[in-house]
Amino acid sequence: MTHIRSDTHTLHVGEQRGWRDTATRYALVPLRIFLGVTFVYAGIDKLTDSAFMSDSGAGSLGDTLRAVRDSSAIPALVDLALKSPVGFGYAIALGELAVGLGTLFGLLTRVAALGGALISLSLWLTVSWASDPYYYGNDLPYLMAWLPLVLAGASVLSLDAVLHARRRQRTPSYR
């Protein structure tokens, strides 16, 4: 049985890609933009919300963590965050900001997407675990949305693509 790889076709001078090839190459760009903007916004929102960055009180991360502790899938993870809710809040906010910017600019995209997936996984297992039905919680869909970027990275409109092209220009070809 012969296997044909569709990703190895090289364009020749004057050859153009069809719209399907172009759409395939750019398919993850809208997802990158959505996740990047969303995580940058979430990080900035947390950093600028004094109520969220509090140990206790209405809207505080500390109170939120205490409220979900007994219904989370991993109470030990919530207990760890409760040792320093403010520090944990800053870690999450700065993590979201770094993940969002990395995703938007396409810099270390797979690493940024893995970070986004881990943030979404931890939030799903703690904060939104008790959502019933499960699809009412938004962290699981975010986790699933990050996975294509973990697998594929950002091959177009990204700093990763620019850096890859520069490395290819510097590397001599031995054919």
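The talk below goes through some terms and the values behind them.

Guide: This is a predicted model, in which local features need pLDDT of at least 70 and side-chain atom pairs count only at pLDDT 80 or more, while totals for chains, interfaces and linings use all residues. Residues are numbered from 1 along each chain as its sequence is written, and side-chain values use heavy atoms, with hydrogens and water left out.

Visitor: Why is the pair of Tyr 135 and Tyr 136 called edge-to-face?

Guide: Rings of Phe, Tyr and Trp (its six-membered ring) pair if their centres lie within 6.5 Å, and planes under 30 degrees apart count as stacked, over 60 as edge-to-face and the rest as tilted. The ring centres of Tyr 135 and Tyr 136 are 5.5 Å apart and their planes stand at 85°, so the pair is edge-to-face. By this rule the count comes to six aromatic pairs, and Phe 34, Phe 39, Tyr 142 and Trp 146 form one aromatic cluster.

Visitor: What makes Val 162 partly exposed?

Guide: Buried means under 20% relative accessible area, exposed over 50%, and partly exposed in between (1.4 Å probe, protein chains only). Val 162 has a relative accessible area of 40%, and therefore it is partly exposed. Gly 115, at 21% relative accessibility, also counts as partly exposed, whereas both Tyr 135 and Tyr 136 are exposed.

Visitor: In which helices do Val 162 and Gly 115 lie?

Guide: Val 162 lies in helix α8 and Gly 115 is found in helix α6, where helices are DSSP runs (H or I, at least four residues) numbered from the N terminus.

Visitor: How do you know that the charged end of Lys 46 sits over the ring of Phe 52?

Guide: A charge sits over a ring if NZ of Lys or CZ of Arg is within 6 Å of the ring centre and within 35 degrees of the ring normal. The charged end of Lys 46 is placed over the ring of Phe 52, 5.8 Å from its centre.

Visitor: What makes a nonpolar core, and which residues of the largest one touch the most other members?

Guide: A nonpolar core is a set of buried Ala, Val, Leu, Ile, Met, Phe, Trp, Tyr and Cys residues joined through side-chain atoms within 4.5 Å. The largest has 14 residues, of which Leu 35, Phe 39, Val 99, Trp 146 and Leu 149 touch the most other members. Helices α2 (29-48), α6 (109-126) and α7 (139-152) each supply at least two residues of this core, and its largest share, six residues, comes from α7.
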